[in-house]
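Subject: A structure for you to look at

Hello! Here is the structure I promised to pass on to you. Please open it beside this email and look up each residue as you read.

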Amino acid sequence: MFEPKIICFFCKWCTSQAADLAGTSRMEYLPNGIPLRFMCSSRVDIEHILWAFTKGADGVLIGGCHPGDCHYQNGNYKTRRRIKLLKKMLKELGIEPERVRLEWISASEGKKFVRVMNQFVEEIKQLGELKV
Amino acid sequence: MNKIGVFVCHCGRNIGEPIEVEKVVQTIQNLPEVAHVEDYKYMCSEPGQNKIRTAIKEKNLTGVIVGACSPSLHEITFRRTVEKEGLNPYLCEIANIREQCSWVHKENKEWATLKAIKIIQSMIEKVKLNESLFPIGIDMIKRVLIIGGGISGIQSALDVANAGYEVILVERNPSIGGHMAQLSETFPTLDCSQCIMTPKMVEVGQHEKIKLYTYSEIEEVSGYVGNFKIKIRKKSPFINWEKCNGCGECVEVCPVMMGNEFDVNLSERKAIYRPFPQAVPNKFTIDKRGIPPCKSVCPAGVDVQGYVALTSQGKFKEALELERKENPFPAVCGRVCTHPCESECKRKEVDQPVAIREIKRVIADEEKELPEVKKPPQKEEKVAVIGSGPAGLSCAWGLAKMGYKVTVFEALPVAGGMLVVGIPSFRLPREEIKKDIEYIKRWGVEIKTNSPIKDPKKLLQEGYNAVYIATGAHKERKLGIEGEELEGVYYGLDFLRKVNLNEEVKIGEKVVVVGGGNSAIDAARTAVRLGAKEVTIVYRRSKVEMPANEEEIEEAVKEGIKIHFLATPVKFVGENGRLKKMVCVKMKLGEPDSSGRRRPIPIEGSEFEMEVDTVIPTIGQTPDLDYLPKESRIKVIEKWNSLWVDDVSFETSVPGIFGGGDVVTGPSTVVEAIAQGKEGAISIDRYIRGVDLKEGRKKEVKKVEKIELPKKIKKEERQRVKTKEVSERVTNFEEVNLGLSKESAIIEAKRCLSCGGCSSCGECEKVCEPEAIDHNLKDEIIEEEVGAIILATGYELYPVEKIEEYGAGEYEDVINGLQFERLLSASGPTEGEVRRPSDGKIPKRVVFVSCVGSRDPEHHFPYCSKICCMYTAKHAMLYKHHVPDGEAIVFYIDTRTAGKSYEEFITKTQEEEKVTYIRGKVSKIFKNNNNELVVWGADTLVGKSIEVVCDMVVLSMAITPAKGIKELTQKLKIQIDEHGFLQEAHPKLRPVETLSPGFFLAGCAQAPKDIPDAVAQASGASARVLEMFSKDKYLHDPIVAEVDEDKCSGCGICIPLCVYGAREYEVKEEKRIAKVNEILCEGCGSCVAACPSGAGGQKNFKDTQIFKMIEVVLK
């Protein structure tokens, strides 16, 4: 059975907190995503994502604060623009843009976090292994 | 060569069970550069921490990883541990293998273990490349801002101030005290709430270290912890609080009543008010809601709400004074104004608009003698006004009030313009016009009748400093059909003028008036009074398009005048030069024309004849400027033959000559002419003084936005005026409308809803001895600098309107807990007697309903509001004390008594006070056919449904965060949870602070709680603030961005990206590169990701580290 390798870049203030909340609430979800904590989703460089794909990731999940609520004012807007461009690039490179997902999850949205994780893992399962 | 120590915590069984710690230890041990691996049950405990210290010492560790719970809990703990052993704290990282691993993958042990290993590995890679970092010391401003002046805010303020630091306390209501001030007695001691709190309030008000800003809100917050810049908006109370001594004389004379928020709308207060007698500061405030619709739509800007309010108090003289501030024609307008104010009156949404014009007439008529006027010092300059209609006279009046010498030149033998020659005296008696003109003359205006002026420019040459043209629109529109010159055809304006000037007019017996405007109606009604046997109005459109006032048309019909719609004359036929008959054609309505009304189209072949001996065509008026000499170069708009003036300054094309009224606008209303005349006066005054004519003229009218109709309004019919009997009217020209009586006017004025709040009537100013009132006082923006902020914004109750099953707020006697507190309070709306809001009777059976809106995840809120069980018991107990023979029934689901002495209190309520407790939810509250309240509930302990008929219901509404919390937290960039309560840093261990450094929490803003807990939390927050202030400097996290100077190309992409302004250019060795201001940098990293040359880095989170972390995770 193909088990996707997913790497997650979560912002410290919102999504990582939501992940913690999911933990405190003892919600179960699929374990395929390994979390890395960033100060802000805007620290995520396109290079990090591409590097992840070259090193074996089948999917990359980025989590940040809702627009308007970024701890650093507008970091998440920058992330949004960058990921949009990246997705266009990925198409050219022959990688399905759905393998990168940007999601806004606030600190109190533990349930949403679990839902997104499970959804994403399933989606990547459908897309199959990424052969770069 | 790195020597990393890895310490895996079992966290009891939290990590130990789902994860095979042994396997983790074994795998990690074999990794390169790992010098020591150890596991323990509770790493954060003392023995656990000692293990780390021992390992550091013995093995000379260069980095430490602790695999444990979330770093938000213990990163600080472990970093302190390693620091004690001499290792830089930033060389210690936490691997979150609990919240983000063991707790969420319990059902997948193999995966959980693998994931834990990966997470730990990623942190090992990170720490390998970490540098020793040292917190950046920032100077901090040791002052605290506290937002919210309830009991929590007050407690925190006193704590910090008593420790010697300055406090800025901002409260949006005029007084501090919050909801606790509204309570009667508090559980479980039944202490009087005011008694225990007012000493603290007074202390806050008098404390030398506390700067109190009430009636203020936070406008803007910028900066960072230790250095916040705050902008506070101090709302204007329109009273200078330094001068106000709280005497209260003003309240007695204020005529405006509004809902009293302190009594939760169970009573009313005046527009000038003090929230409660023990208010701190003990000052009065004027509640202005904006310009009410009536005033905003009045062209003359009359303070409509003001004089109506004064009338409601019987203050006719003061009302007339207020009217005359803006309008010198009250007697005239009180009879003929088209009342745009009434069309906008909000009362029309309840029943009918307030009869504002009739009220104006009453106050004008009540005056028996014209008042003396205090003329201002005379100026040298003189102004000429041409035309003594309402526009000309208003301009003259305006100028005379400023001290100018004004002469009004009037061509006719009598002053008044269209008022005299156009409007018949049965609508506007001549004495009333004379009265208003006499008032204007008292200001020093000279009127020269029989003095036509042809050349305005000549007046300038004769020494007048300015000229105002207000010659009106007195030229008739002609039909332009055959037979117009026949005897018996009298054009309407000419006809009315002759009658009004008492000249002889002969009309026949069969009169037809052509036209549909007010003048046509006036002509028809005049014809009746001159003895015509039959008067018919012929109008070319239908009733809907008729421009005349409804009231006028009604009266005309009453007087026997017939109206023939959809017809127009095409020819007059005469005999021997006298009119004999009129040929008309029928009309039909086509598409709308430029006026928006449907265009009348003649129907081919539908001609018919009417036998008539008199026809009075009254089809419209235009200005007539043919008298102006050509060389005057005064521009005329040819299309309308009207005077051209500038939109804003009303200056004509010739400097020094101004104009207004019908001569500019074409036929319009009296009040519009008055408004233009006043503007003309302002312009002329500016012109004479050599000041810019247009600056600041177009004022932004701050109209009241949302006017909420008060909930309990009883419909009341508008007072009706008496009119003369038709039989008594038609033989004379006496006034038909007899107006309202004094008493009726007062009753009618009381129907006003006071939409604008305070109406600036000025009565309070008259009685304020210290002269503290200033209706022009503006809001003030105050700037302050602080180092820390405590949020104590409190709560509000979920509205009853949201609960449909309980009547959605329709039933007056279904109230919430705070309202019941007010009923119980000695200073409340019923002076402490428990009475029903609807009829004031004492309720003999009261039902208390718990958990309304709380514990209801499907429809409202899932949480418990914590305090309701206790205050419901208190309410029931106090009710029984007030009404010993009354019955109190409490419907509950659980009874939560988790505080000190709480359980004993409830037991006493149930056993001694004999309050009935029924376990079950209430499904519906409604009224039966006898208008009694019925409560449907259940008694789950016996398994029955219950119906209770009662006199009053008190609902325990859910506690929700205070209004406006979302906007405030967005300004401050701090987080709220899904219900709007402020998010604490950690629900268990850090409940008085947020994750954003410098922001602390206290009270119900964070979660529902009772007073002891709120006070405790407030002191907790102050303690944290004092901890911060006890240090020399605030330590700023050193995880900042950095620039590799060799790689930086100076492209500048990163500089505008930084929202904190932490990036700037610097020139080093002739090369321009980017530089990071470490104090301002918050460490988000967005600039780093944007750098195209790879010069951007972040301390201890470089790209090299991130690449390695990614690689090791995916292996």
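Below is what was found in it, topic by topic.

**Before you start**

This is a predicted model, in which local features need pLDDT of at least 70 and side-chain atom pairs count only at pLDDT 80 or more, while totals for chains, interfaces and linings use all residues. Residues are numbered from 1 along each chain as its sequence is written, chains are lettered from A and ligands numbered from 1 in the order in which they are written, and side-chain values use heavy atoms, with hydrogens and water left out.

**Salt bridges**

Side chains of opposite charge can pair when their charged atoms come close. The term salt bridge is used here for a side-chain nitrogen of Lys or Arg within 4 Å of a carboxyl oxygen of Asp or Glu. By this rule there are 92 salt bridges over all chains.

Start with B:Asp351 and B:Arg751, whose side chains form a salt bridge with an N to O distance of 2.6 Å. This pair links distant parts of the chain, as the two residues are 400 residues apart. B:Asp351 sits in the loop between helix H13 (340–344) and helix H14 (356–366) of chain B, and B:Arg751 in the loop between helix H25 (742–749) and helix H26 (763–767) of chain B. (Helices are DSSP runs of H or I with at least four residues, strands are runs of E with at least two, and both are numbered from the N terminus.) Are these two residues buried or exposed? Both B:Asp351 and B:Arg751 are buried. Buried means under 20% relative accessible area, exposed means over 50%, and partly exposed is in between, with a 1.4 Å probe and protein chains only.

Next, find B:Asp839, which has two partners to look up. One salt bridge joins B:Asp839 to B:Arg836 (3.0 Å, N to O), and another joins B:Asp839 to B:Lys841, with the closest N and O atoms 3.7 Å apart. B:Arg836 is buried because its relative accessibility is 18%. B:Asp839 has 36%, so it counts as partly exposed, and B:Lys841 has 55%, so it counts as exposed.

There is also a network of salt bridges linking B:Arg427, B:Asp522, B:Arg525, B:Arg529, B:Glu552, B:Glu555, B:Lys558, B:Glu559 and B:Arg729.

**Charged patches on the surface**

A patch is made of residues with over 30% relative accessible area and no salt bridge, where like charges are joined within 9 Å and nonpolar side chains (Val, Leu, Ile, Met, Phe, Trp, Tyr) within 5 Å. Lys and Arg count as positive and Asp and Glu as negative, while His and the chain ends are not counted.

On chain A, the residues A:Arg80, A:Arg81, A:Lys84 and A:Lys88 make a positive surface patch. A:Arg80 belongs to helix H3 (residues 75–93) of chain A and is partly exposed, at 40% relative accessibility.

On chain B, a negative surface patch consists of B:Glu20, B:Glu22, B:Asp39 and B:Glu110. B:Asp39 is part of strand E2 (residues 34–40) of chain B and is partly exposed, at 33% relative accessibility.

**Cysteines**

B:Cys758 is buried, at 11%.

**Backbone features to look up**

The bond from B:Phe187 to B:Pro188 is cis, with omega near -5°, and B:Pro188 lies in the loop between strand E8 (185–186) and strand E9 (191–192) of chain B. The bond joining B:Val280 and B:Pro281 is cis as well, with omega about 0°.

B:Phe650 is not a glycine, yet its phi is positive, near 60°. B:Phe650 is buried, at 11% relative accessibility.

Finally, B:Ile1106 lies in helix H33 (residues 1103–1114) of chain B and is buried, with a relative accessible area of 0%. B:Ile1106 and B:Glu125 are 981 residues apart in sequence, but 8.6 Å apart in space, C-alpha to C-alpha.

Enjoy exploring!

Key
Accessible areas come from the Shrake-Rupley method with a 1.4 Å probe; for residues, only the protein chains shown count as cover. The place of a charge is taken as NZ of Lys, CZ of Arg, CG of Asp or CD of Glu.
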